[in-house]
Amino acid sequence: MSGALGVVLIRKGLKPIDELSKTSSTVTAHCLDTRIPTESVPGELHELVDNFNEMLSRLDDSFLRLSGFSADIAHELRTPLNSMLTQMEVALLRDRENTDYKDILYSALEELRRMSKMVYDMLFLAKADNGKITPNAEDASMAEITASVIEYYELAAEDKKVEIALSGDGSVHGDKSMLRRAVSNIVSNAVRYAEEGSTISVEISESGGSVCTAISNRGTTIPAELQARVFDRFYRVDTARREGTTMNA
């Protein structure tokens, strides 16, 4: 009787662990929303269950970001590919002058450069995540770094009839290429979403040993409920871009 009672008690005590094992076996890449309620397990296992649920939440968030990133890359690559395909198909419909072929090749070359930059950016992120990029820190002028970025985007800004005003300066110590990349990401978005005929303000200020670069434009405001996620990697406020669909012009 003692042995039988011991078996019953052991089985009862191991039941929560058995349920935890069964739940974990149902978790897949397509089913990461499963959570184990702590009410069904003894107090000694609450910490283990909480950690398990937090792990699932992190995995779920990571998979959502990767899914959104894949959709964004597919959308970005589809646009230049479709453009080149259309140009080549039109060019082959009839014989053309050499100058026409040159124009088509130059246009295709521009699209290929865009695609090359996308691939380079993806490789940069992969190397950064694996600690394979060593920053080359040196003293630099933030105004000079920002001015070089603004010069690069002047043509895009002119097409939208947007002006970029730079003011202030500050001395920084860091990797110039990475600083230029950080400023470029924000300026490119500012130009892309700025209202036509508006001015993008870039203000640099130095105070207390730190340098602040503030970039502001006039355009559509990001909803308050989404502002906390704008610094999440691969996140897009534009739902059409996140889902990989084409936006109507």
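**View 1. E195 and its salt bridge to R218.** E195 is partly exposed in this predicted model. Its relative accessible area is 36%. The side chains of E195 and R218 meet in a salt bridge, 3.0 Å from N to O. E195 sits in the loop between α6 and β4, and R218 sits in the loop between β5 (210–216) and α7 (239–242), so the pair ties together parts that are 23 residues apart in sequence. R218 is partly exposed too, with a relative accessible area of 47%. Side chains of opposite charge can pair when their charged atoms come close.

**View 2. A salt bridge between K161 and E196.** The search of the whole structure finds two salt bridges. One of them joins the side chains of K161 and E196, at 3.9 Å from N to O. K161 belongs to the loop between α5 and β2 (163–168), while E196 belongs to the loop between α6 (176–193) and β4 (199–207), so this pair links parts 35 residues apart in sequence. K161 is exposed, at 58% relative accessibility. E196 is exposed as well, with a relative accessible area of 58%.

View 3. D175 lies in strand β3, which covers residues 171–175. The residue is buried, yet D175 has no salt bridge. R180 has the nearest side chain of opposite charge, 7.0 Å away. A salt bridge needs a nitrogen within 4 Å of a carboxyl oxygen. Polar neighbours are found here. The side chain of S177 makes a polar contact with the side chain of D175, at 2.5 Å. The backbone nitrogen of N136 lies 2.6 Å from a polar atom of the D175 side chain.

View 4. Helix α5 (residues 154–159) gives the most to it, with three residues. E151 has its place in helix α4, residues 142–152. At 58% relative accessibility, E151 counts as exposed.

View 5. M55, L59 and F63 make a nonpolar surface patch of about 240 Å². F63 has its place in helix α2, which covers residues 46–91. F63 is partly exposed, and its relative accessible area is 39%.

Definitions and conventions
Residues are numbered from 1 along each chain as its sequence is written. This is a predicted model: local features need pLDDT of at least 70, side-chain atom pairs count only at pLDDT 80 or more; totals for chains, interfaces and linings use all residues. Side-chain values use heavy atoms; hydrogens and water are left out. Helices (H or I, at least four residues) and strands (E, at least two) are DSSP runs, numbered from the N terminus. Buried means under 20% relative accessible area, exposed over 50%, partly exposed in between (1.4 Å probe, protein chains only). Patches are made of residues with over 30% relative accessible area and no salt bridge: like charges are joined within 9 Å, nonpolar side chains (Val, Leu, Ile, Met, Phe, Trp, Tyr) within 5 Å. Accessible areas come from the Shrake-Rupley method with a 1.4 Å probe; for residues, only the protein chains shown count as cover. Lys and Arg count as positive and Asp and Glu as negative; His and the chain ends are not counted. A polar contact is a pair of N or O atoms within 3.5 Å; within protein, one must be able to donate a hydrogen and the other to accept it, and residues adjacent in sequence count only if both atoms are side-chain atoms.
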